[in-house]
Amino acid sequence: MILKGIEASRYFAKPDPTKAGLLIAGADAMRVALKRQEVIAALIGPEGEGEMRLTRIQGAELRKDGAALLDAIKAVGFFPGPRVAFVEDATDTLAPAIGSALKDWKPGDATIVVTAGNLTAKSALKTLFEKHTQAFCAILYDDPPTREEIEDALKKAGLASIDREAMADLTTLARALDPGDFRQTLEKIALYKHGDPTPLTPADVAAMAPATLEAEVDDLLHAVADGRAPAIGLLMRRLEGQGVLPVTICIQALRHFKALHIAASDPAGIASGLQKARVFGPRRDQMQRQAQAWGMRLLERAVSDLLETDLTLRSASRAPGMALMERALIRLAMTRR
């Protein structure tokens, strides 16, 4: 049987212990691992692994010993309670061994949980779980988490009171980060807000968001977008001293001005465009003002100039890269005058 979307998320949180098994597959190994952890914890509880009610079988081990999974689901443990036989990194070559275990599975046996990478539409392993009446198949795609998934994650992290704008920022952050980083960020935010009854705000989200190189270059890009040409030289020297390459600055500048262009050209308005461009926190208000001041036409020209600069930096030109980048940014900053 196939699980999709919200149905899959609900099953991961509360799996049916009377069913034979579950296959979780997807290209994103971290996303698959997080869902597998959630399912196993829901089936055997927090003490299950310590009580030896979880049997781990590597795909390579099962290839060598095809009966290992059948032995694991039939084994009787020392501690009472539900058991799980977990097969990690499975491929289609294991379909016969897993199919045999599913065929011989009886109520009271350990639940079979299998994880796999990206499977084709005609995958033997995928077909096995899809057609089995007592097993489920969930294929995870690299889609951003839904609002319901984010709300569930927030509840698990202990975050109950959330400002509406902070929720919008978290939704944007969830799309920008991989699942593991997003979960760590939520745990960090929950620790930050521990004992604080006030609602979570956009400033809190921005303060706890992972620091990136983009944050270091932000001061320079805002100086350019705000038209503060005299500040550019000093900021460039500071970045150069930190070892930041001119092509890196150009890439970040392109992202910044493309985001402004998306916002300025969005039919639903600048705020909607910035959300689509995954801009959140205090940066959002500043970039909203920048998008209004520049306008769509000037931003198109800015993106074009930056693309030309990027091509020059990557070409065989012997022009000094940092000087070339600085000149391009000063020219952009003076465009609004």
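1. By class, seven nonpolar, two polar and one charged residues make up the lining of the largest cavity. (Ala, Val, Leu, Ile, Met, Phe, Trp, Tyr, Cys and Pro count as nonpolar, Asp, Glu, Lys and Arg as charged, and the others, Gly among them, as polar.) Before you read on: this is a predicted model, where local features need pLDDT of at least 70, side-chain atom pairs count only at pLDDT 80 or more, and totals for chains, interfaces and linings use all residues. Residues are numbered from 1 along each chain as its sequence is written, and side-chain values use heavy atoms, with hydrogens and water left out.

2. How many cavities of 30 Å³ or more are there? The count comes to one. On a 1 Å grid over the protein atoms alone, a cavity is a set of points where a 1.4 Å probe fits but cannot get out, while a pocket is an open set with protein on both sides within 12 Å along at least five of seven lines; lining residues have an atom within 4 Å of a point. The largest cavity holds about 30 Å³ of space, a volume being the space filled by probe spheres set on the points, which are joined across faces, edges and corners.

3. Now look at who lines the largest cavity: Tyr11, Pro15, Asp16, Gly21, Leu22, Val39, Leu43, Thr111, Ile112 and Val113. Strand S2 (21-26), helix H2 (29-44) and strand S5 (111-116) each supply at least two residues of that lining. Among the elements, S5 gives the most, with three residues. (Helices, H or I of at least four residues, and strands, E of at least two, are DSSP runs numbered from the N terminus.)

4. Next, the largest pocket, with a volume of about 1,000 Å³. Its lining counts 37 residues, and Arg31, Lys35, Pro145, Glu149 and Pro179 lie nearest the centre. By class, the lining of this pocket has 19 nonpolar, four polar and 14 charged residues. At least two lining residues come from each of helix H1 (5-13), H2, strand S6 (135-140), helix H7 (147-156), helix H8 (164-176) and helix H9 (179-192).

5. Why does the largest pocket lie between domain 1 (2-140) and domain 2 (147-208)? Because both domains give residues to its lining. (The domain bounds come from an automatic or database domain assignment.)

6. On to charges: the structure holds twelve salt bridges, each one a side-chain nitrogen of Lys or Arg within 4 Å of a carboxyl oxygen of Asp or Glu. Take Glu38 and Lys35, whose closest N and O atoms are 3.8 Å apart. Both sit in helix H2, three residues apart, about one turn of the helix. Glu38 and Lys35 are both buried (buried means under 20% relative accessible area, exposed over 50%, partly exposed in between, with a 1.4 Å probe and protein chains only).

7. Are its two ends buried or partly exposed? Glu51 is partly exposed, at 24% relative accessible area, whereas Arg53 is buried, at 7%. For a linked set, find Lys193, Asp196 and Asp204, which join in a network of salt bridges.

8. Finally, rings: there are two aromatic pairs. (Rings of Phe, Tyr and Trp, its six-membered ring, pair if their centres lie within 6.5 Å; planes under 30 degrees apart count as stacked, over 60 as edge-to-face and the rest as tilted.) The ring centres of Tyr11 and Phe136 are 4.6 Å apart with planes at 45°, so that pair is tilted. Tyr11 belongs to helix H1 and Phe136 to strand S6, so the pair ties together parts 125 residues apart in sequence. Tyr11 and Phe136 are both buried, and Tyr11 is also in the lining of the largest cavity.

9. For Phe257 and Trp294, the ring centres are 5.3 Å apart and the planes stand at 80°, so the pair is edge-to-face. Phe257 lies in helix H13 (residues 246-265) and Trp294 in helix H15 (residues 282-314), so the pair ties together parts 37 residues apart in sequence. Phe257 and Trp294 are both buried.
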